[in-house]
Amino acid sequence: MENNKEKNNMCHNKINFNLQLFQKYNEEIKNVLKDDIERYWHSVSVAITAVNLADIYGADKDNCIVAGILHDYCKCLSLDDMLSMCEKYNVILTEEDRNADGCIHGFLAAKVCKEKYDINNEVYNAIYYHTCGRPNMTILEKIIYVSDFIEPLRRFRDRVEEVRRLAYTNIDKAIVLSSEMGLEHLKNTNKFIHSNTQKTLDYYKNLMEVK
Ligand SMILES: [Fe+2]
Ligand SMILES: [Fe+2]
C-alpha cells in the first residue's frame, strides 16, 4: 500500500520530458522484466529521477530516459545466462570483471541494447558504467550512477537520504558518498571489489579536496 502511494506520487510529479520516447522504452522494459515487477518499477523510477537531475545539471533528457529505463536490462538473468550472453554478444570480460559479478549485468546490457536499439555511445557508456562508475564520468554517466542509488523506491541504505540531498546540490559529492556506501556494502558482504569502484571513489574524493 505504502509502496503504491509512493509510485503514484512519483508519476504525478510535474516533469517535462519526451513522453513518446518514454512509452516506447517502457513497453520494452516491461516485457523484458515481466517476471520482476520491483525491478521494472526501479527502472522507471531511475529514468524519472535521471530526468529530474537532467533539469538541474543541463543533461540531455532523452538520453536520461533511455539509459535510465534500460540500465538493468540484463539484471534478472542468472550468472550462467549472463556469461553465455556475454559470449554471444562478444562482451569481453577481464578476470576482475568476472570476479565482480554484480557489475556484469551493466557491461552486458550496454552491448545488448546497442544491438537491439542502436543506442548512442553516451547512453552505452552510462549503462556500461552504472554499477561501478569510473573516474571523470560524463554528466549522463554521473546522473545514471546516482539515480540508480537514490531513486525514491530504493530503501536499502541508512544514509540514502543524505545522498538524495547531495544529488540535487552537488552530484560529485553524491558520487563520493554513494561509492563509499557501495564499497562498505561490498566489504561487509565479502564481495569482490572491482578496481573501477575504488578508482571512482578516489577520483571524486580527490576532486572534492582540490576544490
Ligand atoms: Fe544495475
Ligand atoms: Fe539499477
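Asn-136 sits in the loop that runs between α8 (121-128) and α9 (139-150). In this predicted model, Asn-136 has a positive phi of about 55 degrees, although it is not a glycine. That is worth a glance on your screen, because most residues other than glycine have a negative phi. Is Asn-136 buried or exposed? With a relative accessibility of 57%, Asn-136 counts as exposed, because the cut-off for that class is over 50%.

Another asparagine also deserves a look. Asn-90 has a phi near 60 degrees, again a positive value in a residue other than glycine. Its place is in the loop between α5 (79-88) and α6 (95-99).

**Charged pairs**

Side chains of opposite charge can pair when their charged atoms come close.

| Salt bridge | Distance, N to O |
|---|---|
| Glu-27 and Lys-30 | 3.8 Å |
| Lys-142 and Asp-172 | 2.9 Å |
| Glu-161 and Arg-164 | 2.7 Å |

Let us take Glu-27 and Lys-30 to begin with. Both residues belong to helix α2 (residues 19-32), where they are 3 residues apart, about one turn of the helix. Glu-27 is partly exposed, with a relative accessible area of 47%. Lys-30 is partly exposed as well, at 38%.

Glu-161 and Arg-164 also lie 3 residues apart, about one turn of the helix, in this case within α10 (residues 160-167). Here the two partners fall into separate classes: Glu-161 counts as exposed at 51% relative accessibility, whereas Arg-164 is buried, with a relative accessible area of 16%.

What about the pair of Lys-142 and Asp-172? Their side chains meet in a salt bridge of 2.9 Å, N to O. Lys-142 lies in helix α9 and Asp-172 in helix α11 (residues 171-188), so this pair ties together parts that are 30 residues apart in sequence. Lys-142 counts as buried at 13% relative accessibility, and Asp-172 is buried too, at 6%.

**Aromatic pairs**

A pair of aromatic rings is described by the distance of the centres and the angle of the planes. The structure holds 8 such pairs. In one of them, the rings of Phe-17 and Phe-22 have their centres 5.4 Å apart and their planes at 80 degrees, so the pair is edge-to-face. Phe-17 is partly exposed, with a relative accessible area of 23%, while Phe-22 counts as buried at 12% relative accessibility.

The rings of Tyr-25 and Tyr-117 are also edge-to-face, because their planes stand at 80 degrees, with the centres 5.4 Å apart. Which parts of the chain does this pair tie together? Tyr-25 lies in helix α2 and Tyr-117 in helix α7 (residues 104-117), so the pair joins parts that are 92 residues apart in sequence. Tyr-25 is buried, at 5% relative accessibility, and Tyr-117 is buried as well, at 15%.

Terms used: Residues are numbered from 1 along each chain as its sequence is written. Chains are lettered from A and ligands numbered from 1 in the order in which they are written. This is a predicted model: local features need pLDDT of at least 70, side-chain atom pairs count only at pLDDT 80 or more; totals for chains, interfaces and linings use all residues. Side-chain values use heavy atoms; hydrogens and water are left out. Helices (H or I, at least four residues) and strands (E, at least two) are DSSP runs, numbered from the N terminus. Buried means under 20% relative accessible area, exposed over 50%, partly exposed in between (1.4 Å probe, protein chains only). A salt bridge is a side-chain nitrogen of Lys or Arg within 4 Å of a carboxyl oxygen of Asp or Glu. Rings of Phe, Tyr and Trp (its six-membered ring) pair if their centres lie within 6.5 Å; planes under 30 degrees apart count as stacked, over 60 as edge-to-face and the rest as tilted.
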